[in-house]
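Try each task before reading its solution.

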Amino acid sequence: MTVEVRIPTILRPYTGDRKSVEADGASLSALIDDLESNHPGIKERLVETKDGSVDLRRFVNVYVNDEDVRFLGGLDAPVSDGDQVVVLPAVAGG
Amino acid sequence: MLILDRSTYDGIVAHAKRDHPDEACGIVAGPEGTDRAERLVEMVNAAGSPTFYEFDSADLLRLYRDLDDRDEEPVVIYHSHTATEAYPSRTDIGLANEPGAHYVLVSTREHGNNDGPVEFRSYRIVDGEVTEEDVTVVDSLPATTSPASPTSQGDPDDR
């Protein structure tokens, strides 16, 4: 199964400048592990470990078929063949 | 250097004054790779705060899809500071994720919602390093075929 993952400009150094890559996995966390195996370093930009548990970084937005994964179970969000995943860093500041 | 046309500059200032004392935020989009700030897009500050701004997550996705469809990119990302100077805060620097963009800061601390001058400054923020740049306001952006010229007065036919 294959999922298209759209990569934002800031993370394209990890994907050889590609805007979109393919990855496999039944959940977002499995998908991110698969991304990491092909694009080492990218996982660290997407997730963080806090109080012993791994979660998406606060200022990284990930969408599965246009739905923010925070409403789909976060890293446990299910992903299936043909889905489109979009990664966008938050536009935010103080 | 950042070149803005008068109406875009005025639009950013008006947005910042209108949303004061909360921070206002938005972008100016332009065709990919051209550095032309052509299309002002005001965004809602989902944080609704005088000390923080964040694009709403659903709005953010819609915005980037729209930019993609139009072959545009965010040429300018702007926000206001409502009680401090128009200089990137530590949070601004830490969260700056568009190395190609001009980061514009407007400070409304002096006149708030009222008429009067604002501080209007622009920066590049790359890998945590802030570099200020000049802002030039022109009547209208130079024609696409000619090189950018800050002295352009625009063609009367485009007005």
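This is a predicted model.

**Exercise 1.** Find which strands of the chain A sheet helix α1 of chain A lies across.

Solution. Locate α1(A) at residues 28-38. Helix α1(A) lies across β1, β2, β5 (60-64) and β7 of chain A. Its direction makes an angle of about 110° with β2(A).

**Exercise 2.** Write down the strand order of the open sheet in chain A, then name its edge strands.

Solution. Five strands line up as β2-β1-β7-β5-β6, with mixed pairing. Now look at the edges: β2 (20-23) and β6 (67-68) of chain A each pair on one side only. Next, take one pair inside the sheet. Strands β1 (residues 3-6) and β7 (residues 84-89) of chain A run parallel and share three bridges. There, A:V5 stands opposite A:V85 of β7(A).

**Exercise 3.** Describe where α2(B) sits and which of its residues are buried.

Solution. Helix α2 (residues 57-69) of chain B lies across β1, β5, β6 and β7 of chain A, at about 105° to β7(A). Its buried residues include B:L60, B:L63, B:Y64 and B:L67. An α-helix has 3.6 residues a turn, so residues three or four places apart point the same way. The buried residues of α2(B) pack against β5, β6 and β7 of chain A, together with β2 (25-31), β3 (39-43) and β5 (72-81) of chain B.

Definitions and conventions:
Residues numbered from 1 in each chain as written. Chains lettered and ligands numbered in written order. Predicted model: local features only at pLDDT ≥ 70, side-chain atom pairs only at ≥ 80, totals over all residues. Heavy atoms only, no water. Pairing = 2+ DSSP bridges. Helix = DSSP H or I, 4+ residues; strand = E, 2+ residues; numbered from the N terminus. Contact = heavy atoms within 4.5 Å. Axes fitted to C-alpha atoms, helices over the stretch in contact; angles between N-to-C directions. Buried < 20%, exposed > 50% of the residue type's maximum accessible area, 1.4 Å probe, protein only.
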